[in-house]
Amino acid sequence: MTAIDCPSPSALRVAMARAVHQILEDEPVFADRFAVASLGSAEAAKLLRQPLVHNDVASRSLRAGIVARARWAEDCLLEAVAAGCIQYAIVGAGLDTWALRMAAQLPAVRIFELDQPAMLTWKTRLYERNGWELPSSLRQFGIDLRETGTVQGLTAAGMDLDSSVSLSILGLLVYLSDEAVEREISALSRLATGSTIMLDYRVDEQQLSPMEQLMMQFTAQMMAAGGEPWHASSTPQRMAGLLGAAGFEVEEDLGPAQLNARFFAGRRDGLQIAGGGFRYLSAVKRD
């Protein structure tokens, strides 16, 4: 099993950033003891031999954004669990390791991982090769959001829609059309009162500075060249309106400056998010 075999370059890119963070940063914002091995043995060995290959300015900024959003989302999740939520769904789960890290500590929480069937198959094979056993609280379900909506997939996976859920949709909406994003958010109205969602979205270029626009255009071209083009973008006002129509109230809508202040202030290594092209939003279902 090699990185080339992975059906989702973006999932591998996120996993790589999390793994590099464990190696290069002395004080990890996001601790994940499974991160390096989740790359597969060949890619993990390569990383351990040459970690500094991933330490240029652009890679550091990307890594900071990925680990900050992961820490932020899991902080939100733990608040929801403390309030009584026992269902956690990760849409576009990729190589997320929450189930490995936390299932034993929070055995009452039912975990749902939704992703492309090919990605889930690749991940299962990786776990088997690493000798990692899937926890009994985890349910994986193959889904293509371009064909099947999140709520429909969660229902098919066995989630109880009459009880609250904490829903993570990170690094995903940007790959959908604007119309598909609107449908996805509208369908969230079916979730129970008290449900929470954590998502990120690309900011409309008109709201970015010229330098941020250039950075976003460069990254978008790179993603398209890798076969995963970006499509959707939005504004804080538009996202708040869509979520409000679905019964959700925005609690946080954070840009890089806020995440840098929360997670990277005072760091000796200077790790921080350089660009402002994405925002990170949490919301709660009020009715």
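Predicted model: local features only at pLDDT ≥ 70, side-chain atom pairs only at ≥ 80, totals over all residues.
With strand 5 (residues 196-202), strand 7 (residues 278-285) runs antiparallel, and seven bridges join the two. Here you will find Asp 200 opposite Tyr 280. The pairing of strand 7 with strand 6 is antiparallel too, over six bridges, and on that side Glu 252 faces Ser 282 across the pair.

How do the strands line up? There are seven of them in an open sheet, ordered 3-2-1-4-5-7-6, with mixed pairing. Strand 3 (138-142) and strand 6 (248-254) are at the edges; each has a single partner strand, so one side of each has no neighbour in the sheet. From one strand to the next, the twist averages 20 degrees.

## Helices against the sheet

Two helices are worth a look as you turn the model. Helix 5 (residues 117-130) lies across strand 2 (110-115) and strand 3, and runs at about 140 degrees to strand 3. Helix 9 (residues 236-245) packs on the sheet, where it touches strand 5, strand 6 and strand 7. The direction of helix 9 makes about 155 degrees with that of strand 6.

## Helix 6 and its buried side

Which residues of helix 6 are buried? In this helix (residues 150-157), they are Thr 150, Val 151, Gly 153, Leu 154 and Ala 157. Their arc around the axis is only 160 degrees, which places them on the same side of helix 6. An α-helix has 3.6 residues a turn, so residues three or four places apart point the same way.

What do these buried residues pack against? Their partners are strand 1 (87-91), strand 2, strand 3, strand 4 (166-169) and helix 7 (178-187).

Arg 63 belongs to helix 3 (residues 57-82). Is Arg 63 buried or exposed? Its relative accessible area is 2%, and buried means under 20%, so Arg 63 counts as buried.

The side chain of Arg 63 makes a polar contact of 2.8 Å with the side chain of Asn 55. Beyond its neighbours within four places in sequence, Arg 63 is in contact with Ala 17, Val 20, His 21, Leu 24, Glu 25, His 54, Asn 55 and Leu 271.

## Cysteines

If you are thinking about cysteines, the disulfide count in the structure is zero. Cys 85 is in no disulfide, and the nearest cysteine sulfur, belonging to Cys 76, is 12 Å away. Cys 85 has a relative accessible area of 4%, so it is buried. Cys 6, at 8% relative accessibility, also counts as buried.

How values were computed
Residues numbered from 1 in each chain as written. Heavy atoms only, no water. Pairing = 2+ DSSP bridges. Helix = DSSP H or I, 4+ residues; strand = E, 2+ residues; numbered from the N terminus. Axes fitted to C-alpha atoms, helices over the stretch in contact; angles between N-to-C directions. Contact = heavy atoms within 4.5 Å. Buried < 20%, exposed > 50% of the residue type's maximum accessible area, 1.4 Å probe, protein only. Arc of directions from axis to C-beta. Disulfide = S-S within 2.5 Å. Polar contact = N/O pair within 3.5 Å; in protein donor to acceptor, adjacent residues only side chain to side chain.
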